[in-house]
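Please look over the sequence and the model before reading on.

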Amino acid sequence: MLFFRYTFSDTMIARQQFKVVMSKHFSKHEFTCPCCGRYIVSNHLMAVLELIRAEFMRPVHINSGYRCKKNNEKVGGSKDSKHLLGIAADCHIQGVTPDDIFDFMNMTFPRCYGVGLYNSWVHIDVRPERARWRDIDDKK
Ligand SMILES: [Zn+2]
Ligand SMILES: [Zn+2]
């Protein structure tokens with residue numbers, strides 16, 4: 001097991017320290033901000049991603065994990081995006097529809113977390129309260 005300790009100073013949670021236990025199924029670079037190479041990911045989020053992996057018995061691919069403020073602005077993330085805190089991941093699973101992941105999250109965690117459904121991925125964050133949204137093109 002690898003232990004990483006990361007302090008980051010350019011956000012509203014400056015000086016807060018995180019101890020990160022990377023799981024064997026996910027790698028550091030998947031959660032790394034592509035513009036600056038910083039990364040941060042909560043153990044809580046990792047545990048949820050592991051659970052999704054176990055449920056679907058397939059690797060979970062991370063499109064976007066931690067984002068620094070600059071990169072979050074660049075990709076059009078909201079100002080209070082949970083990606084800024086290292087508690088969010090946009091993910092997809094080959095051969096599994098985002099709908100199925102979305103439904104699994106709703107059934108398993110009906111009262112908490114942020115889950116957003118998109119055309120080709122699902123946003124998952126481990127905020128304590130419940131938030132759900134859909135941002136898909138309904139082609140009917
Ligand atoms: Zn960055
Ligand atoms: Zn997201």
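Which residue in E6 is the bridge partner of Gly 114? It is Asp 125. The model is a predicted one, and the points below set that pair in its surroundings.

**Overall make-up**
- Three helices and seven strands are found in the protein chain.
- Their order along the sequence is β-β-α-β-α-β-α-β-β-β.
- The protein chain has 140 residues, of which 32% are buried.
- Of the contacts between residues at least 6 apart in sequence, 51% connect residues at least 24 apart.

**The sheet**
- An open sheet is built from five strands, in the order E3-E4-E6-E5-E7, and its pairing is mixed.
- Strand E3 (61-64) and E7 are the edge strands, each pairing on one side only.
- From one strand to the next, the twist averages 25°.
- Strands of a sheet pair through hydrogen bonds of the backbone, and the sense is either parallel or antiparallel.

**E5 and E6**
- E5 (residues 113-118) pairs with strand E6 (residues 122-125) in the antiparallel sense, over four bridges.
- The pair Gly 114 and Asp 125 is a bridge between a residue and its partner in E6.
- Three residues lie between E5 and E6, and the two strands form a hairpin.

**E5 and E7**
- Strand E7 (residues 130-135) pairs with E5 in the parallel sense, over six bridges.
- Val 115 has Arg 132 of E7 as its bridge partner.
- Leu 117 stands opposite another residue of E7, Arg 134.
- Why does E7 lie largely in the open? Of its six residues the number buried is zero, so E7 lies largely in the open. A residue is called buried here if 20 or more other C-beta atoms lie within 10 Å of its own.

**E4, E6 and helix H3**
- Strand E4 (residues 88-92) also pairs with E6, in the antiparallel sense and over four bridges.
- Cys 91 has Val 122 as its bridge partner in E6.
- Helix H3 (residues 98-108) packs on the sheet, where it touches E4, E5 and E6.
- The direction of H3 makes about 160° with that of E5.

How values were computed. Residues numbered from 1 in each chain as written. Chains lettered and ligands numbered in written order. Predicted model: local features only at pLDDT ≥ 70, side-chain atom pairs only at ≥ 80, totals over all residues. Buried ≥ 20, exposed ≤ 12 C-beta atoms within 10 Å, placed from the backbone. Contact = placed C-beta atoms within 7 Å. Pairing = 2+ DSSP bridges. Axes fitted to C-alpha atoms, helices over the stretch in contact; angles between N-to-C directions.
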